[in-house]
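Hi,

Here is the structure I promised to pass on. Have a look at it first, and then read my notes below.

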Amino acid sequence: MEAEGIAQSAISAFESTFNSLVSGNTGIIPESTISPVPELVHTDSITAEPDSSLLASTVVLKLNGGLGTGMGLDKAKSLLEVKNGDTFLDLTAKQVMCMREEFGQKVKFMLMNSFSTSDDTLEFFRTKYPTLAAEEGLEMLQNKVPKIDATTYEPATCPSDPSNEWCPPGHGDLYAALIGSGRLSALLEGGYKYMFVSNSDNLGATLDLKILTHFAKTDASFMMECCERTENDKKGGHLAVRNSDQHLILRESAMCADEDEPAFQDITKHRFFNTNNLWIRLDKLQEIVDRYGGFIPLPMIMNAKTVDPKDDNSQKVLQLETAMGAAIECFDGASAVVVPRTRFAPVKKCNDLLLLRSDAYVITEDFRPVLNPLCNGVAPIIDLDSKKYKLVGSLEEATANGCPSLVACKRLKVKGTIRFGRSTRFVGNVSITNSSDESKYVSGTIENTDLDVSADTGLGLLKPTLVRTAPIAGQKPGTSGLRKKTKEFMSENYLSNFVQSVFDAVIAAGTNVSEGTLMIGGDGRYFNTEAIQIIIKMGVANGVKRFWIGENGLLSTPAVSATIRERGPVWQKSFGAFILTASHNPGGPEEDFGIKYNTQNGGPAPEYLMEATYANTTCIKTYKICEDFPSIDITQVGATTVAAADGSTSVVVEVIPSTQSHVTLLKTIFDFPAIKALLDRPDFSMVYDSMHGVNGPFSKAVFVDELGQPESVLRNHIPKDDFAGGHADPNLTYAKELVKTMGLDRTGNKIDVDGPIPSFGAAADGDGDRNMILGTQFFVTPSDSLAVIVANANCIPFFSSQGGLKAVARSMPTSGAVDRVAKDLNLDFFETPTGWKFFGNLMDSKAIFKGKDYTPFICGEESFGTGSDHVREKDGIWAVLAWLNILAAHNPDASKPLVTVEDIVRKHWSKYGRNYYCRWDFEGMDAAGANAMMEKMRADAASNTGRTVGSYTIATADDFRYVDPVDGSVAAKQGIRFLMSDGSRVIFRLSGTAGSGATVRMYIEQYETEKLDLPVASALEELTSIALQLCDIKTFCGTETPTVIT
């Protein structure tokens, strides 16, 4: 525990409970040692005038450490939607803000999170309630304690996942956490005297000024809110008086001997139970802490578990916990009051959640859930089949068509799987039974009846099937999704496992997939069509009601982003998309396939979602699919509706024009008439090579249909499932046909060609998000392309009409050419790791994170990716149009000589200098050797710093680390950098997106202000030699010859 950095207060508390364990103390409290609690004060009878001045010395703390694993959740339970789109934390935050407004005082608010809930919770507050998130001391972390081997009492071990060796110590850790974190001292020093504590899932527990005033005036050291026990509460803990010292104590069910069970459950004898709403005098707490040497000794609660909660056969362990209410026995002068049930509305089971979500509860103006007055003060009793509705996911499926009306219901009992809807209304006492293996739908008014629906019609074509499966190793997605060999994706359950894992992660993150639309499309590579049909059938089984499929299964990656963001109507807006692509990797039955998921902002899934997806792939046991759902003809634009046999629901699959949303958006960004005038000039010609990727239809829609050019300007624009045997990667090596047409060789040097050379050339990759720009016998590096676009952004209406650019960003390996432009134009500038998600965060800084607005925004990567905030992906055809718009602006008069691509770039160099730059790719390297090489450079970073190599001095050698300025996340180990004292750079990275093997990328950059016309190879000759020495790739990977030089 010391090695883990756990506070001494928590260690002392654990030592106390552990000593109880080894001494043979079972924690049992015999009935003979206690007496019933005498009559308590009811808060309804309190007559004291509420004193609002007490609020200045009061802090409200919510316990938020629970994951809700008992309900099938793997995130903070408080992030579960409760009512009208609000989660527990939404309502809590709104209660706090409402309370502050009502009393005109900033009542202090705190959370005690666990190591499992902290990240999700803080992200939630940063995104939705940034004012609360920014307050000092919002979070206090619960400690963790070791699980104990049930036989030896040694610390438990779990080599497969060491995190399973630890567990939370129960909410009794509140006191140790307050002490160890320094929060108790800070609160006392800040003048705080009173603390109100409650569970985050108990929305009825708000700060009540009348109860606070009573607590203060009675000068109690500790006060527990209790409710009177009913038949429903008899198995829970109760309050009692200890005979030996007349102290109030708390007896939980785990503390009751079997022979005392009848007395324990006697609600006429032990009348009161603890609501876990506690009032604590902080100064008295400090006194107790001092008395016991830094902690509070609480009674031990022992729970028998397995070390791996997902494996019943793993090591048997004991989890030692304490309850915070048990501290009542430690405080002299402790008291208890009886509160109405409205202050105790926790959600422990799906029964509670259904009731709270239904019309039986309403939300008050101060954001408290209270029983609907039409219930006449008595809440309906809900008894859902515990085997069928143990998990929240099962309840979500049952209420996909809406929650039933329960306001007129007295008791609802459900046996088997039943689906409800908004039209379902239960009245009086209702019992429903379904003994079939298929869920059945009940609708209309059902009043005072026992209903057996086992033989009723089911879903028909929409009936989901649960298919047994097992985890498949290696399904960890990279920055661009999951990429493997096509045959591996086509193997049994491979695609299905991953898709189900995504659905589970997306649903667990709070997305209601039954609302809005799921989009599916890809770059047309081999297995694209079959994969789409599988995903549709799985989507239906997981609750999706509407799909958009790209015509012929085709959607470029930027088009997916554009369609998510632009296509309506609002009620059909896409909540996410599966993109079937391996980007620039080769396609075909022997080559690569890929899949990625984009979210509702149009960008790639955030890291937490992909981590959850990967975790799901490692423990998946079943996936859902509607095997009878008909295959959809994706070659024809139009909608297909498939209805359930029982009429309960229907699914709409709409095949949409692939290019429509994207092209419509592009027309609002660029000056199409000016571009058309340029293209129509007799001295201007162009060629656009789609390399048989998905961009073919898009290039035709833009250049032929919109800009009126002959189809001859397009090359290889018919998509092929194997890219016609080529490698659809737009660079000098693989775009051979285009490069030759433009009068260049694979190194960018001029060659002799027959016939005229076009004025402008461009190429796209397989999924349409990358670009290469060429002039007549002139190659524009991606880094220079980014810098030129930024320098000339005001030529483009999208930027000029919004007052100009605000910010620019590049990936770390990209050359520093754009840095100088950003400085010259006084733009915010960011250097990020490789991965478009980092750019997306900056674009969404204001809209999602409530931070600074960096838009309009341009960003780019050296790997031929460029884009802006019009979408949340790089956009190949956007970059091409940006260049054409810039050329048009530089050529307003057709009677004057053409200003060429080369003219614009050379003018740029003359102003800003030139960054000589190249990238060497070593593809298909042995992963072990490549990793060893990176680790060696990482280990030698300190010794390399300050070292002289050739004519260069290494000013800094490091491993790039990025702290996101928007969400505070940290990305480490993003690339080995050798930063020379003259500004030159050598960088090494391993690509995580290749389908097989490892790709080592070596970047070499030299800045010049005078020598602007050197061949790149000669300008970088010495630095390239030094780079090869620094990495020693020959030793580690067996070669110094790159596959591709860019």
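Strands S51 (residues 985-991) and S52 (residues 998-1008) run antiparallel to each other, paired over seven bridges; phenylalanine 988 has methionine 1002 of S52 as its bridge partner. (Strands are DSSP runs of E, at least two residues, and helices are runs of H or I, at least four, both numbered from the N terminus; two strands pair if DSSP finds at least two bridges between them.) S52 also pairs with strand S45 (residues 914-925), again in the antiparallel sense, over ten bridges. Buried here means under 20% relative accessible area, with a 1.4 Å probe and protein chains only.

A word on the source: this is a predicted model, with local features needing pLDDT of at least 70 and side-chain atom pairs counted only at pLDDT 80 or more, while totals for chains, interfaces and linings use all residues. Residues are numbered from 1 along each chain as its sequence is written, and side-chain values use heavy atoms, leaving out hydrogens and water.

Now the nonpolar cores, meaning sets of buried Ala, Val, Leu, Ile, Met, Phe, Trp, Tyr and Cys residues joined through side-chain atoms within 4.5 Å. The largest has 66 residues, and those touching the most other members include Phe670, Trp878 and Trp883. Helix H25 (residues 876-890) gives this core its largest share, eleven residues. Setting aside neighbours within four places in sequence, tryptophan 878 is in contact (heavy atoms within 4.5 Å) with residues including Leu666, Phe670, Ile789, Phe799 and His870. A second, separate core of 47 residues has Ala505, Phe547, Met610 and Tyr623 among its members.

There is also an open sheet of eight strands with mixed pairing, in the order S2-S18-S12-S15-S11-S3-S6-S7. S2 (41-42) and S7 (139-141) are the edge strands, each with a single partner, so one side of each has no neighbour in the sheet. Within the sheet, S11 (residues 194-199) and S15 (residues 272-281) pair in the antiparallel sense over four bridges, with tyrosine 194 opposite arginine 281 of S15.

Finally, a record: UniProt, in an unreviewed entry, lists residues 475-618 and 783-896 under "domain: Alpha-D-phosphohexomutase alpha/beta/alpha". Its positions are in the numbering used here, feature names are shortened, and annotations may be inferred rather than shown by experiment. In the model, residues 475-618 are 38% helix and 24% strand, with end C-alpha atoms 8 Å apart.

Cheers

Notes:
Buried means under 20% relative accessible area, exposed over 50%, partly exposed in between (1.4 Å probe, protein chains only).
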